[in-house]
Amino acid sequence: MSVVAGHRWRPEQYDNRRGERNSSAKLTEADVRAIRALRSPTDWRRKKNRGARNVVPSLAELAERYGVTKPVITAVVQRYTWRHIP
C-alpha cells in the first residue's frame, strides 16, 4: 500500500481515464479502430505488390490525417496504447 500525502493510492481511481475519457486524448475509439483496420498485417503484404501501391496509407499519412505523430500511430497499431479497444 502506497501512501502519498496521507491518501491511499487505489488503481480503480484511474481506470476511468482510459481512452477518450483521458483529457489528453487526441484520438477517439472510432479513430483507433479505423487506424487498425487501415494498417492490418494483411494490408502490409499487399503493398509490396506492384499494382497495389496506394492500398495502404503510410504512417505519416495517417499521422497527418488524425493530427498526431508517427510514433502514436505505431503504438496504436502495435497495441502498445489503446489496448482495451479490440
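Let us begin with Val72, which counts as partly exposed because its relative accessibility is 32% (partly exposed lies between buried, under 20% relative accessible area, and exposed, over 50%, using a 1.4 Å probe and protein chains only). Val72 sits in helix H4; helices (H or I, at least four residues) and strands (E, at least two) are DSSP runs, numbered from the N terminus. Look also for Lys26: it is 46 residues from Val72 along the chain, and the C-alpha atoms of the two are separated by 9.8 Å.

A word about what you are viewing: this is a predicted model, in which local features need pLDDT of at least 70 and side-chain atom pairs count only at pLDDT 80 or more, while totals for chains, interfaces and linings use all residues. Residues are numbered from 1 along each chain as its sequence is written, and side-chain values use heavy atoms, with hydrogens and water left out.

Stay with H4 for a moment. Its buried residues are Ile73, Ala75, Val76 and Val77. Of these, Ile73, Val76 and Val77 belong to the largest nonpolar core, which has 12 residues in all. A nonpolar core is a set of buried Ala, Val, Leu, Ile, Met, Phe, Trp, Tyr and Cys residues joined through side-chain atoms within 4.5 Å. Two or more core residues come from each of H1, helix H3 (59-66) and helix H4 (70-77).

Now follow the chain past H4. Just after this helix, Arg79 has a positive phi of about 65°, although Arg79 is not a glycine. Arg79 counts as partly exposed, because its relative accessibility is 38%. Trp82, also in the segment after H4, has a positive phi near 60° and is likewise a residue other than glycine. Is Trp82 buried or exposed? Trp82 is buried, with a relative accessible area of 14%, and Trp82 is one of the core residues.

Ile85 is another member of the core. Leaving aside residues up to four places away in sequence, Ile85 touches Glu29, Val32, Arg33, Arg36 and Arg79 (contact means heavy atoms within 4.5 Å).

Two of those partners, Glu29 and Arg33, form a salt bridge, with the closest N and O atoms 3.9 Å apart. The term means a side-chain nitrogen of Lys or Arg within 4 Å of a carboxyl oxygen of Asp or Glu, and the structure holds one. Arg33 and Glu29 are separated by about one helical turn because they are four residues apart in helix H1 (residues 29-38).
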